[in-house]
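Me: I am new to this structure and would like to go through it by question and answer. Please show it first.

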Amino acid sequence: MLRTRVIPVLLLKNKGLVKTIQFKTETYIGDPINAVKIFNDKEVDELIFLDITASKEKHLPNFELLEQLATECFMPFSYGGGINDFETAQKLLSIGIEKLIFNSLLFEPIVELRKIITNFGSSTVIGSIDIKKNFWGKYQVYSHSGREIKIKDPVIFAKRMNDEGVGEIMIASVDRDGMMNGYEIEMLEKIATAVSVPVIACSGAKSLSDFKDVVENAGASAVAAGSMFVYHGKLKGVLINFPERTEIEKYLK
Amino acid sequence: MIVIVNYGMGNLGSILNMLKKTGFTDVLISKDEKTIQEADKIILPGVGAFDHAMLNLKQSGLIPVLNKKVMHDKTPVLGICLGMQILGKRSEEGNEEGLGWLDADVVKFRFDDPQKKIPHMGWNLVKDVKSNILFKNMPHQEMRFYFVHSYYFKPNNNVMITGETNYGISFTSAINQDHIYGVQFHPEKSHKFGMQLLKNFAEINA
């Protein structure tokens, strides 16, 4: 039986880790290599690193730092941020990253993504879709640059990415990022039902019961969280942490 | 000396690092024919697509030396993930021929149940269907490893099967025939069990 993956999502800014609220308000968390070492000791299922400035500032991934992280990391390691072409993708895989996460590139002509999928296989590619409710309470796909996109419906967009061959789809919610008020169950359920690939639920987790909720009620294949693994206690003191396996197993199969 | 063959197909640093952590420092990542010629053991890694891997291997010019080391010198070899799949003859994923050291095909997962997602991705159990040196010092039938693949290795000779995993069907997740070993999962990304498995491979008396 396949265990439900529990994945800390760590945000890179320059050489440090930060945590955001609703994709803004950054708090400094600490050193990424130290975080990897802690998560090694905790025997975490998988790690996701996202460089939150790469696309915005149009810079390439920090290959040197990522290579250090991948080498330290004894668990699967996915990375997203500033991967805009085949060459960058190839370089990242060659330095030891298992899976590549694409967001901005999903909104570009599909040819480059197709080339990456054809060469490296679907298993290597995660399509990351950010969703946000608009003024009328309707979910829309949100691109960082705020650009007009033709397909606004997250379900249609996720299905299209599925058809293009991405191996997994990660759904993050701008509204719930850093809020620790539960996952976006309703939309996640629609997307997970519509696609054939695993869906990674992100944004909103506060506790293990949120994991159970999104797996059982939305059909998520994996659960990701940021705040829960970098903050501790009611006052949200910075402390990198991960629950004991026996605790997780009380909630997840 | 253990040589991790670098033919441009992914994750090598963590294999090296994990081996070093278990105490084996005589490990190299290399694409140099002479270095591979001198290896006591060979690790064949790989992530990505079958044809891409075989074409890269061809272009690297390393196939003759690998054939010689494995088929003639009987140097122990461990294929990891796609590195295991290319030990076989062919794959449904592509048109290129595999290395053909083992009599096996690589086939795609096919499920009628839409809930069964492809790729098979995540931590799953490996059932040791027979005792094998790679599983030494591990909890019997409770070994959990990290998988990520859409195709699986299908031996035409069941004798080589040492481990099986269930995902919709039961498929071969570990094999051993003579000095040739293969694992579908990623030991270098599987914490303590992965570390133990790599240690076991490193300790094989060639």
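Me: Which residue stands opposite B:Gly182 in S12(B)?

Reply: This is a predicted model, in which local features need pLDDT of at least 70, side-chain atom pairs count only at pLDDT 80 or more, and totals for chains, interfaces and linings use all residues. Residues are numbered from 1 along each chain as its sequence is written, and chains are lettered from A and ligands numbered from 1 in the order in which they are written. Strand S11 (residues 169-177) of chain B runs antiparallel to S12(B), with four bridges joining them; strands are DSSP runs of E of at least two residues, numbered from the N terminus, and two strands pair if DSSP finds at least two bridges between them. The residue opposite B:Gly182 is B:Ile175.

Me: Which residue in the turn of the hairpin of S11(B) and S12(B) has a positive phi?

Reply: Most residues other than glycine have a negative phi. Two residues lie between S11(B) and S12(B) in this hairpin. The one with a positive phi, about 55 degrees, is B:Asp178.

Me: Which residue stands opposite B:Val183 in S12(B)?

Reply: S12(B) also pairs with strand S4 (residues 77-80) of chain B, in the parallel sense and over four bridges. Opposite B:Val183 stands B:Ile80.

Me: Are the residues that point either way from strand S12 of chain B buried or exposed?

Reply: In a regular strand the side chains alternate between the two faces of the sheet. Here B:Ile180 and B:Gly182 point one way, and B:Tyr181 and B:Val183 the other. A residue is buried if 20 or more other C-beta atoms lie within 10 Å of its own, exposed if 12 or fewer, and partly exposed in between, with C-beta atoms placed from the backbone. By that count, all four named residues are buried.

Me: How are H1(B) and H6(B) oriented to each other?

Reply: Their axes, lines fitted to C-alpha atoms over the stretch in contact, with angles from 0 to 180 degrees between N-to-C directions, come within 9 Å and cross at roughly 80 degrees. Angles under 35 degrees count as roughly parallel, over 145 as roughly antiparallel, 65 to 115 as roughly perpendicular and the rest as oblique. H1(B) and H6(B) are therefore roughly perpendicular.

Me: Which residues of H6(B) make the contact with H1(B)?

Reply: Two residues are in contact if their C-beta atoms, placed from the backbone, lie within 7 Å. From H1(B) come B:Met18, B:Leu19 and B:Lys21. From H6(B) come B:Gly194, B:Met195, B:Leu198 and B:Ala202.

Me: Is A:Ser203 buried or exposed?

Reply: A:Ser203 sits in the loop between strand S10 (199-201) and helix H7 (208-218) of chain A. Its phi is near 80 degrees, a positive value in a residue other than glycine. With 29 other C-beta atoms within 10 Å, A:Ser203 is buried.

Me: How many other C-beta atoms lie within 10 Å of A:Met180?

Reply: A:Met180 is placed in the loop between strand S9 (168-173) and helix H6 (185-194) of chain A. A:Met180 has a positive phi of about 50 degrees although it is not a glycine. It is partly exposed, and the number of other C-beta atoms within 10 Å is 19.

Me: With which residues is A:Lys152 in contact, leaving aside its neighbours within four places in sequence?

Reply: A:Lys152 is found in the loop between strand S8 (139-142) and helix H5 (154-164) of chain A. It is partly exposed, with 14 other C-beta atoms within 10 Å. Its contacts beyond those neighbours are A:Gln140 and A:Val141.
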